[in-house]
Amino acid sequence: MIRYILRRLLLMIPVAFLVTVGVFVLVRLSPADPVLAFSGEERDPAALAAMREEFGLNQPLPVQYVAWVSHLLQGDLGRSFQTKQRVLEAIVERLPATAELGAAALLISVTLALIVGIASAIKRNSFVDIAASSVTLAGISFPSFFLAIVLILLFAYVIPGHLFPPGGYTPATQDLGDNLRRLVLPAVTLATGSLAVNLRQVRSSLLDVFGHDYMRTARAKGLRERTVIARHALKNALIPVVTLIGIQIGAIIEGAFITETIFFWPGIGRLAVTAIPSGDYPVVQGVVLVSAFSFMITTLLVDLLYAWLDPRISYETAAA
Amino acid sequence: MSGAAIPVALRVPREDRAGAIAYFARRNPRMIIGGALVLMWIFLALFAPVVAPYDPIKVNVSDSLIPPNWTHLLGTDDLGRDVLSRVIWGSRVSLFVGVISVSIGFLFGVSLGLAAGYLGGAFDLLAMRVIDALLAFPALVLAIAITSALGPQIQNAMIAIGIVAIPAYARLTRGQVLAVRAREFIVAARTIGCSPLRIVAWHIFPNVINALVVQATLATAFAILAEAALSFLGLGPQPPYPSWGQDINYSQRYLPNLKWWMSVGPGVAIFTAVFAFNFLGDALRDALDPRLRRSA
C-alpha cells in the first residue's frame with residue numbers, strides 16, 4: 001500500500017508541474033498589463049518601469065515562472081490588484097463559506113441518491129424507477145443557474161411566507177437559524193447536478209450486483225431480503241459510488257462559481273467571478289490553482305480509498 | 001448510378017418502408033425524440049431570420065415587460081425586445097459554439113489519442129501527462145480561466161470549451177486504439193508495408209469512429225451548457241447580441257417584480273437543447289455499442 005501511495009504521489013509531480021505551467025501561461029496570455037492594473041492612477045513611466053522590475057516582469061518568461069513557483073511553494077499567490085490583499089488570505093477567508101455550501105450540497109445529493117437509487121433498483125420499472133430516471137436525465141440537462149432562478153422565484157417571491165431568502169450569507173456563529181435558511185436554496189441548486197449522476201450510479205451499481213452469484217447464494221441461504229440488500233448488495237455496490245462522490249468534488253467546485261454568484265454567497269467561486277471583469281488575474285489564477293490542486297488531491301484520496309475498500313484491486317494494477 | 005442498376009430484390013415496397021420506420025421508432029424512441037429535438041434546434045438556428053417574428057435587438061420601450069400573449073408568445077424584456085425572437089436567435093450562438101468547440105476538441109483530442117495509442121512509448125507518456133494536467137482542472141473552472149485570460153468574446157469561449165473537451169476525446173481514442181492495434185488486420189497492414197499514417201487513417205480510425213460519434217453528441221450537450229454558463233458570467237457574446245445564458249443573467253434583476261417570462265424562455269431553450277443532445281447521445285451509444293445492444 002505504501003509503495004502504491006508513493007507511486008501515485010510521484011505520478012502527481014509531473015501533472016502538478018504541468019498544471020502550474022498551464023496557469024502561468026494562461027495569465028501571461030491575458031492582454032492586461034499587471035503593472036498598469038496594480039499601479040492604479042500612477043502613470044509615470046519611470047515609476048512603472050521600477051514597478052515592472054520589482055515584480056520581475058522584465059525578466060525572461062522561464063525566470064519569471066521559476067520565481068512564481070518559488071513564491072507559490074512558500075504559499076505566496078501574489079496580491080489582488082484591486083484590494084491589494086494577499087490572494088491566499090482572501091481564499092482562506094472565503095473557504096469556510098464554500099466548504100459549508102459544498103458539504104451541504106454533497107449531503108443532500110448523496111442522501112437522496114442513496115434513498116431513491118436503492119428504491120428504484122429494488123423496484124425496477126416501477127413508478128419510482130421511471131420517476132428517478134426522468135429526474136436523472138432532467139438533472140443532467142438542467143442548467144444550474146436556471147434552476148437557481150426558478151427556486152428563487154418560487155421560494156423567495158411567489159410562495160406566500162417567503163420561506164427562503166433570495167441570497168446572502170450569515171455566518172453560523174452569528175445566527176445558525178438564518179445561516180441554514182440562506183443555505184437551503186444554494187445547496188439544493190448545487191446538489192441537483194451531482195444528484196442526477198449519483199442516482200444513476202447507485203441504481204446501476206445495485207442492478208449490477210443483483211446479478212452476481214453471491215446474491216443468489218445469500219437468498220438461497222434463506223436470508224431476509226432486507227439483510228441481503230443491506231449486507232451483501234449495498235456493501236459491494238457502494239464502492240464505485242464512493243469514487244463518484246470523490247469526483248463530484250470537482251463538480252461542486254465548478255458549480256460553486258455559478259451558484260455562489262447567483263446567491264451572493266461569499267465563497268471562493270464568487271471571489272473569482274467578481275475578479276474577472278476587473279482583470280484581477282492574481283485572484284483568478286489563485287482560485288483556479290487552488291481548485292485544480294484540491295481536485296487532484298481529492299482524486300488521489302478517492303483512488304486510495306477505492307483500493308483500500310475493494311481488496312480485489314491490486315495496487316500494482318491500479319498504479320499501472 | 002441509375003435506378004435500373006439497383007437489383008429488384010433490394011427495392012422495398014413503400015408500406016414496408018413505413019413499417020420499418022415505425023418499427024425503428026418503436027425500438028428507438030430516445031433516438032427519435034432526441035433526434036427530432038436536435039433537428040428542430042438546427043432548423044431554428046439556420047432559419048432564425050425567417051422564423052423569428054421580431055428583430056431580437058431592436059429596442060421598443062413602449063412594449064417593455066409585456067407578459068406572454070398572442071403577439072409576443074414569450075413576452076418582452078425591459079427594452080421591449082421579443083423574448084421568443086431572442087431565444088430563436090440565441091440558438092445560433094449556442095449551436096455554433098457547440099459545433100465549433102466540439103470540432104476543436106475532436107480534431108486535437110482524436111489526433112493526440114491516435115498518435116499516443118499507436119506510437120506508445122515516450123510520446124504516449126508525455127501526451128497522457130498533458131491530458132492528466134488538463135483533467136486536473138474542473139472543466140468549467142478551466143473554461144472560465146481560459147476565457148477570462150483571453151477576453152470575453154464568443155471565439156474565446158469556443159476555444160476554451162474546445163480545449164476542455166480535448167481530454168475526453170484523447171483518452172477515449174487512445175483506449176480504442178490500444179484495443180484495435182494488436183488485431184490481425186492491423187498486423188497484416190503493417191506486414192504489407194503500409195505507412196503508420198495510412199494504418200492510423202484507413203484502418204484504425206474507421207474502427208474507433210462509433211465511440212467518437214457518441215462522444216461528440218454528448219460533448220455538444222456539454223458545450224451548449226458551458227457556453228450558457230460562460231455567457232451567464234459575462235464571458236460569452238456581449239450585449240445586445242442574444243445569448244441564452246446572458247439573457248438569463250440579465251433577467252435576474254426583474255425577479256423581485258415577478259417578471260418570470262424573461263428567464264423562462266432562454267432557460268427552457270437551454271434545457272431542451274442539452275436534453276436533446278444527451279438523449280440522442282445515450283441512444284446512439286446503445287445502438288452503436290454491440291455489448292449494450294446484446295444486453296438490451
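In chain B, where is confidence lowest and where is it highest? In this predicted model, local features need pLDDT of at least 70 and side-chain atom pairs count only at pLDDT 80 or more, while totals for chains, interfaces and linings use all residues. Residues are numbered from 1 along each chain as its sequence is written, and chains are lettered from A and ligands numbered from 1 in the order in which they are written. With pLDDT as the predictor's confidence in each residue, from 0 to 100, the lowest mean in chain B, 50, falls in helix 12 (residues 290–295) of chain B, and the highest, 95, in helix 3 (residues 48–51) of chain B. Where pLDDT is low, the predicted coordinates should not be read in detail. Chain B has a mean pLDDT of 87, with 92% of its residues at 70 or more, and the model scores ipTM 0.82 and pTM 0.85.

Chain B contains 12 helices and 0 strands; here helices (H or I, at least four residues) and strands (E, at least two) are DSSP runs, numbered from the N terminus. The C-alpha trace of chain B spans about 75 × 55 × 35 Å along its principal axes. Of the 296 residues of chain B, 46% are buried, meaning that 20 or more other C-beta atoms, placed from the backbone, lie within 10 Å of a residue's own.

Turning to the interface, 37 residues of chain B are in contact with 37 residues of chain A, contact being C-beta atoms, placed from the backbone, within 7 Å. Helix 6 of chain B gives the most to the side of chain B that touches chain A, with 9 residues. That side divides into 28 nonpolar, 7 polar and 2 charged residues, where Ala, Val, Leu, Ile, Met, Phe, Trp, Tyr, Cys and Pro count as nonpolar, Asp, Glu, Lys and Arg as charged, and the others, Gly among them, as polar.

Within chain B, helix 6 also meets helix 7 (residues 154–180), and residues of helix 6 in this contact include Leu142(B) and Ile146(B), with Ile159(B) and Ile163(B) among those of helix 7. By class, this contact has 11 nonpolar, 2 polar and no charged residues.

On the chain A side, helix 6 (residues 127–141) of chain A has Ala132(A), Thr136(A), Gly139(A), Ile140(A) and Ser141(A) buried. The buried residues of this helix pack against helix 5 (87–122) and helix 8 (176–210) of chain A, together with helix 11 of chain B.

Terms used:
Contact = placed C-beta atoms within 7 Å. Buried ≥ 20, exposed ≤ 12 C-beta atoms within 10 Å, placed from the backbone. Expected span 1.5 Å × (residues − 1). Axes fitted to C-alpha atoms, helices over the stretch in contact; angles between N-to-C directions.
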